[in-house]
Amino acid sequence: MKKKHPDFDQEAERLSFTKKYMDIVIKATELDEESFKSSFKEALDGTDFSDSSLSYLNMLTNANMLQRTTEEIRSLKKIYHKPYFARIDYKRAGKEEEEVLYFGKASLFDRETQDPIIVDWRSPIANLYYDGRLGEVEYEAEGETYDGYLSLKRQYIMEDGELQDIRDVDLTTTDELLQESLSGSSSNRLTDIVSTIQEEQNRIIRADLNKPIIVQGAAGSGKTTIALHRISYFIYTYQDQFRPEQLMILAPNNLFIDYISEVLPELGVDRILQTTFIDFVLSCIGKKVKLRPPSEKLMGFINHEYEDPEMVQWLASFKGSLEFKDIIDRYLSDILETLIPTEDFYLTSKFKLYTAEKMENLIRNEYTYLPYYRRVEKVKSVLQNYVRTEKKVLLHKVERFYDNKLDKALFNMNLDPAKRKSYVTKAMDKKDAMIEEIKRESRTAVNAFIRKLPKHTLFHYFKELVTDRATFSKYASDYLDDYQIKYFVDHQVKLHRQKQYELEDLAGLLYLQHHLYGIDKELRARNVVIDEAQDYSYFQLAALKSALETDMFTIVGDLAQGIHSYRGIQDWNKVKEAIFPRAAYTTLQKSYRTTVEIMESANDILKLLPFELPKVEPVVRHGAKPTFHKWSTSGGAAEMAGMLEAEIEKLYKDGRKTIAVIGKTEKECKKIEGMLGKVTDLKVQLLLENEEINQEDVVIVHAQLAKGLEFDAVLLCTLDEVFTETEIDVKLLYVAMTRPLHHLSFYGNDKGDFLLEHVSDGKILIEE
Ligand SMILES: Nc1ncnc2c1ncn2[C@@H]1O[C@H](COP(=O)(O)OP(=O)(O)OP(=O)(O)O)[C@@H](O)[C@H]1O
């Protein structure tokens with residue numbers, strides 16, 4: 001039996017003290033909450049809703065306080081069974097006494113002395129735990145650097161609020177806790193890693209929050225996990241300036257959103273906006289559009305469905321390029337010209353109230369911060385205001401003018417009375433008519449004037465640009481030749497006839513929407529995380545940055561998994577230089593998910609890519625070598641299913657919890673599902689894009705959809721569709737091979753179906 005740590009009893013006591021203290025605080029705060037609630041109610045009763053009223057202020061303060069206490073209780077209750085996960089002993093330079101600090105997922109202070117009982121993992125001093133080796137250390141807080149001496153780093157294992165074990169991390173021991181946490185089972189959901197964040201990861205989580213960051217990270221290096229921890233850190237650091245709702249995560253699909261859903265509350269960031277690029281753009285344009293299936297093109301490439309794949313690829317990548325953005329920019333500047341009034345504004349044909357030149361200045365120079373149509377609205381309201389004030393002046397002028405005329409006529413003795421009468425009557429009629437006209441026109445003139453300007457929808461503008469050859473050519477001929485222009489327009493005309501759009505159109509639509517009409521304020525996130533960013537196009541990123549009017553992005557991705565690179569990013573440098581010049585760029589080389597054995601064979605597959613990526617270094621954790629099994633087909637589908645079933649059962653017996661059978665395409669997966677259906681005992685789930693993963697079932701999923709997910713064990717199968725050496729296939733295979741934590745098997749007719757001849761001898765076991 002393992003020897004008990006000498007400090008075990010003392011630490012157990014400390015834990016029990018902390019829990020008792022938490023009990024007291026929770027109780028006291030609950031009481032507080034009651035008293036807040038009642039004074040809140042009192043304040044509300046007397047509210048007259050004028051901002052300056054005392055009760056209104058009172059109400060605001062209470063609402064704020066109430067939220068704080070509710071949050072406080074919520075976070076304390078959440079960490080009750082594991083109040084902290086680590087401790088450091090630290091002596092500040094120049095101080096005699098050593099501080100003992102316990103780190104957890106929330107903070108707790110002694111109400112009397114204000115001494116910390118638990119320090120939040122996101123606080124600056126926690127850097128000492130994540131970064132600091134024992135000995136001389138330093139950390140930064142609010143721009144100041146503090147030196148000191150770290151004499152102890154200790155980790156705790158707790159279960160249901162009881163201390164199980166203590167680990168001291170010194171210079172020689174490896175991070176045992178990390179090893180243990182990696183050797184555990186995956187639960188089909190991402191978990192938080194606050195107790196085992198590694199130094200290279202910590203640097204990204206805490207990288208300058210006022211700058212964008214781009215992370216190229218190997219499969220399983222923790223990109224998704226870290227991006228979420230960075231949000232949590234951001235919210236903690238800027239809790240007074242930002243509400244969680246102002247932050248947004250863009251995930252590849254709804255399945256993925258479900259996958260990360262569990263970790264968000266753990267990190268205190270469950271209220272942030274989680275959506276996909278498609279859904280986000282659709283909310284911004286506020287209209288439903290018929291979108292072609294987003295993976296249709298990828299499937300077309302994989303299945304070699306296109307007659308002219310080079311042109312299909314060219315078109316997709318051009319629509320995602322910054323050149324296309326430039327074409328739209330040129331088009332936009334012409335649209336702006338059409339929205340500038342060229343005539344002066346008159347009230348009746350006689351009174352010039354506002355010159356065209358002034359309106360042009362407003363639209364072109366003054367209102368540049370507004371979308372075009374909002375600028376027109378502003379000009380409209382300027383004119384309306386003018387009319388409102390000028391109307392009185394004009395009426396007064398008209399009255400004076402005619403009264404003068406009448407006076408003169410009445411006192412002109414030379415006029416014969418009949419003529420005078422007719423003159424006076426006419427003048428009075430004219431006066432009345434003029435007054436009437438001014439009154440009428442002041443109600444209608446502005447609208448009539450503005451109505452002369454074009455008013456078109458987003459879809460009209462988009463269609464005009466991309467389906468009209470003359471228009472498109474006008475803006476695109478610097479970039480494209482006649483053949484390309486024709487190809488582009490013909491394709492868009494075809495889509496338009498079917499009343500459809502494709503994913504590649506969304507960047508352009510978002511960009512136009514932003515410039516022409518603007519984006520709803522509620523949707524304008526102030527800080528954005530993009531996961532699986534390698535699948536975005538340059539234009540998608542540029543359109544997002546422009547629509548959200550911020551460059552505060554955390555962009556994480558892996559070019560090796562860029563299965564949409566035909567339309568997406570091929571070079572992070574270009575993203576940085578052309579779109580996010582302020583961004584920090586960093587890489588993550590280590591993979592935490594997979595065993596050495598699996599990662600080494602996946603690394604050999606990576607070499608088949610036409611560009612070079614650094615080799616992924618697995619964190620040292622060993623497991624079984626991946627094995628290739630040749631289908632035994634004499635017994636037909638039932639026998640093949642039996643082979644899978646036998647292995648799956650063995651895996652369950654070995655304690656594996658989540659198991660996936662991965663096929664190359666959805667079609668292939670349907671076949672696998674049919675085949676496994678013949679084995680009655682196995683519960684399987686064919687995973688589709690908008691589903692949630694069922695914990696207990698064996699998941700059947702195609703490689704593209706599996707991207708970003710992980711399972712304890714993966715059985716990679718080919719029936720009809722094998723992996724070839726094309727770039728897309730190599731990436732799909734790499735994605736599939738890097739999904740398992742512990743176990744990988746291949747099932748096919750030939751090891752060449754998985755390009756295994758490229759994996760060095762001995763790395764894979766072959767069972768034929
Ligand atoms: N410091 C860590 N401590 C414990 N587990 C970790 C750590 N870093 C990463 N992991 C685990 O490694 C796995 C991979 O993490 P994650 O899914 O975030 O990686 P990724 O880079 O997004 O992967 P991919 O690109 O393959 O989707 C997860 O199970 C995560 O919990």
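Mentor: Start with M737, which sits in helix α26 (residues 727-737). Keep in mind that this is a predicted model.

Trainee: Why does M737 count as buried?
Mentor: M737 has 27 C-beta neighbours inside 10 Å. The cut-off for buried is 20 or more. So M737 counts as buried.

Trainee: Which residues is M737 in contact with, leaving aside neighbours within four places in sequence?
Mentor: I598, S601, A602, I605, L716 and L744. The C-beta atoms of each such pair lie within 7 Å.

Trainee: How far is M737 from Y592 in sequence and in space?
Mentor: They are 145 residues apart in sequence. In space they are 14 Å apart, C-alpha to C-alpha. Y592 is also among the closest residues to the ligand.

Trainee: Which other residues are closest to the ligand?
Mentor: T196, G222, K223 and T225, alongside Y592. In total, 24 residues surround the ligand. Helices α4 (176-183) and α6 each supply at least two residues of that shell.

Trainee: What is the make-up of the shell by class?
Mentor: Six residues are nonpolar, 14 polar and four charged. Gly is counted with the polar class here.

Trainee: Where is G222, and what makes it buried?
Mentor: G222 is in the loop between β8 (213-217) and α6 (223-237). It has 27 C-beta neighbours inside 10 Å, and buried needs 20 or more, so the label holds. Beyond four places in sequence, G222 is in contact with Q201, L588 and Y592.

Trainee: What does the UniProt record say about this stretch?
Mentor: An unreviewed UniProt entry has a "binding site" annotation covering G217, A218, A219, G220, S221, G222, K223 and T224. Such an annotation may be inferred rather than shown by experiment.

Trainee: What makes E142 stand out?
Mentor: E142 has a positive phi of about 45 degrees, although it is not a glycine. E142 lies in the loop between β5 (135-141) and β6 (144-159). It has 5 C-beta neighbours inside 10 Å, and exposed means 12 or fewer, so E142 is exposed.

Trainee: Why is T348 called partly exposed?
Mentor: T348 has 14 other C-beta atoms within 10 Å. That value falls between 12 and 20, so T348 is partly exposed. T348 is in the loop between β11 (345-347) and β12 (351-354). Its phi is also positive, near 55 degrees.

Trainee: Which residues of helix α11 (residues 309-319) are buried?
Mentor: L315, A316, F318 and K319. They lie on the same side of α11, because they cover an arc of only 165 degrees around the axis. They pack against α10 (296-302), α12 (322-338), α18 (482-497) and α19.

Trainee: Where is confidence lowest and highest?
Mentor: Helix α2 (residues 54-79) is lowest, at a mean pLDDT of 65, and helix α19 (residues 505-516) is highest, at 98. The protein averages 88, and 93% of the residues score at least 70. Over residues 49-54, pLDDT stays under 50. The model scores ipTM 0.99 and pTM 0.88.

Methods
Residues are numbered from 1 along each chain as its sequence is written. This is a predicted model: local features need pLDDT of at least 70, side-chain atom pairs count only at pLDDT 80 or more; totals for chains, interfaces and linings use all residues. pLDDT is the predictor's confidence in each residue, from 0 to 100. Helices (H or I, at least four residues) and strands (E, at least two) are DSSP runs, numbered from the N terminus. Two residues are in contact if their C-beta atoms, placed from the backbone, lie within 7 Å. The arc is that of the directions from the helix axis to the C-beta atoms. A residue is near a molecule or strand if its C-beta atom, placed from the backbone, lies within 6 Å of it.
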